[in-house]
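Subject: Structure for you to look at

Hello,

Here is the structure I said I would pass on. Please open it beside this email; my notes follow below.

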Protein chains: 2
Amino acid sequence: MAILHSYPFCPQSRFARLVLAELGVEPSVVEEKPWERRLPFLEINPGGNLPLFIDDDGLAVPGALIIAEYMDDTRGDTLRDRRFLPRDIAERVEVRRLLDWFLVKFHAEVSDYLATEKIYKRFMPTELGGGSPDMGAIRAARTNVRYHLKYIGYLIATRNWLAGDRMTYADLAAAAHLSVVDYLGDVPWDENETAKHWYARIKSRPSFRALLAERVPGMAPAEHYDNLDF
Amino acid sequence: MAILHSYPFCPQSRFARLVLAELGVEPSVVEEKPWERRLPFLEINPGGNLPLFIDDDGLAVPGALIIAEYMDDTRGDTLRDRRFLPRDIAERVEVRRLLDWFLVKFHAEVSDYLATEKIYKRFMPTELGGGSPDMGAIRAARTNVRYHLKYIGYLIATRNWLAGDRMTYADLAAAAHLSVVDYLGDVPWDENETAKHWYARIKSRPSFRALLAERVPGMAPAEHYDNLDF
């Protein structure tokens with residue numbers, strides 16, 4: 001049976017979980033605390049990053065982007081219209097451009113700061129960096145998210161989904177990362193109705209249910225977090 | 001005609017240049033200073049990152065990894081044994097894992113620090129961050145590179161090339177990034193003979209010649225930089 005090593009509020013793990021759920025793959029999910037750097041985990045994944053997918057044959061596939069590529073390599077041809085990395089060359093470039101935008105740029109500028117400062121640090125031992133959040137990092141992330149929200153609105157104003165007419169990995173990546181920021185109440189949805197409607201569409205998908213049901217122990221989500229008509 | 005927007009000592013640009021040279025693609029190369037964030041450049045590449053490849057049809061392909069994937073999508077099937085992202089699923093995962101290792105991890109821990117502090121800052125205007133190098137960042141990079149060199153040696157001890165029996169994108173990515181560090185004399189080759197021999201093999205390839213001929217104005221390379229039997 002396939003296994004997904006992941007952490008509930010790790011945005012990269014959430015992207016992989018959405019991809020797997022959309023494709024009907026139901027791995028056994030194992031929680032891995034990213035800051036622990038456990039030796040048995042590093043032995044199968046020297047980079048130590050999350051998520052890590054182990055397929056039915058025991059092949060270890062590390063990292064959100066590589067898992068997405070692996071799923072396309074192994075299942076893409078049979079998915080036809082539901083393929084999240086389309087066959088057309090220009091569309092593939094656009095999906096990968098936006099995947100990079102959200103998995104790397106948005107992560108570095110917004111979701112990694114907020115997940116680390118507001119969530120991870122509550123559970124990390126002090127000697128590994130746990131403790132009170134760095135307010136400077138949180139403020140920077142809150143400023144940066146506005147620019148990304150605007151970019152989503154700009155794209156959706158001319159397209160049905162982020163990368164074009166159909167839903168792709170780009171939408172799942174953006175929504176996965178935003179879902180963590182949204183739990184914390186840090187997405188200024190009022191500033192962009194177009195982006196908000198796009199997110200409401202994705203959030204209503206069955207693949208999103210498991211994410212919306214999760215809670216950070218001792219920390220309630222923003223009021224609208226699991227409201228599908230927010 | 002295809003165009004590559006790149007910067008001479010940008011390690012990500014060097015990876016794309018090696019890939020294109022190995023595949024016999026000869027774009028017209030346009031220098032783009034990464035810190036300038038020129039508007040006409042951002043219009044075709046909103047992320048502003050280098051390199052940017054424009055194919056014969058005018059399709060803009062941004063970023064080293066996406067260019068590598070694009071080349072495999074468009075030419076992979078015809079390359080047979082010279083394919084740098086092999087067909088086999090487990091091999092694809094391994095090549096992508098190491099691509100991520102060098103393009104993301106090595107970049108963040110070593111080559112970005114050194115290229116920025118020692119090269120870019122000499123040419124950047126003060127208001128954009130130019131000036132004297134941050135010695136703390138340089139020291140950190142010099143410490144980190146030793147661990148990466150050890151990892152290369154560890155992989156090459158059991159394999160012919162980084163990801164397996166044949167040369168792949170993984171070797172080109174690692175060598176491209178190391179070439180910038182090597183120019184600066186910051187690779188402690190004496191610490192790992194196995195890694196050194198692997199680098200000497202790659203460095204002798206015709207695709208590497210253009211990189212070895214380049215000079216940073218006003219800054220000589222390490223003595224052994226363009227010596228193929230260093």
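Contact here means heavy atoms within 4.5 Å. On that basis, take the contacts in chain A between residues at least 6 apart in sequence: 70% of them join residues at least 24 apart. Please keep in mind that this is a predicted model, and the values below are computed from it.

Chain A overall

Chain A has eight helices and four strands. Read from the N terminus, its elements come in the order β-α-β-α-β-β-α-α-α-α-α-α. The radius of gyration of chain A is 17 Å, close to the 17 Å given by the globule rule for 230 residues, so chain A is as compact as a globular protein of that length. Along the principal axes, the C-alpha trace of chain A spans about 50 × 45 × 25 Å.

Of the 230 residues in chain A, 57% count as buried. The accessible surface of the chain is about 10,000 Å², and carbon and sulfur atoms hold 50% of that surface. As for charge, chain A carries 29 positive and 34 negative side chains, and the centres of these two sets are 3 Å apart.

Where chain A meets chain B

How many residues does the contact take from chain A and from chain B? It takes 23 residues from chain A and 23 residues from chain B. The size of an interface is often given as the accessible area lost when the parts come together. Between chain A and chain B, the buried area is about 1,900 Å², with carbon and sulfur atoms giving 72% of it. On the chain A side, Ile66(A), Val93(A) and Arg96(A) lose the most area to chain B, and together they make up 26% of what that side buries.

Lys105(A) is in helix α4 of chain A, which covers residues 89–123. Is Lys105(A) buried or exposed? Its relative accessible area is 18%, so Lys105(A) is buried, as the cut-off for buried is under 20%. Leaving out residues up to four places away in sequence, Lys105(A) touches Asp100(A), Tyr147(A), His148(A) and Gly47(B). Lys105(A) and His148(A) are 43 residues apart in sequence, and their C-alpha atoms are 9.6 Å apart in space.

Asp229(B) sits in the segment after α8 (209–213) of chain B. Its relative accessibility is 70%, so Asp229(B) counts as exposed; the cut-off for exposed is over 50%. Asp229(B) and Arg201(B) are 28 residues apart along the chain, with 9.4 Å between their C-alpha atoms.

Regards

Methods:
Residues are numbered from 1 along each chain as its sequence is written. Chains are lettered from A and ligands numbered from 1 in the order in which they are written. This is a predicted model: local features need pLDDT of at least 70, side-chain atom pairs count only at pLDDT 80 or more; totals for chains, interfaces and linings use all residues. Side-chain values use heavy atoms; hydrogens and water are left out. Helices (H or I, at least four residues) and strands (E, at least two) are DSSP runs, numbered from the N terminus. The radius of gyration is taken over C-alpha atoms; the globule rule is 2.2 Å times the number of residues to the power 0.38. Buried means under 20% relative accessible area, exposed over 50%, partly exposed in between (1.4 Å probe, protein chains only). Accessible areas come from the Shrake-Rupley method with a 1.4 Å probe; for residues, only the protein chains shown count as cover. Lys and Arg count as positive and Asp and Glu as negative; His and the chain ends are not counted. The place of a charge is taken as NZ of Lys, CZ of Arg, CG of Asp or CD of Glu. Buried area is the accessible area (1.4 Å probe) that two parts lose on being put together, summed over both.
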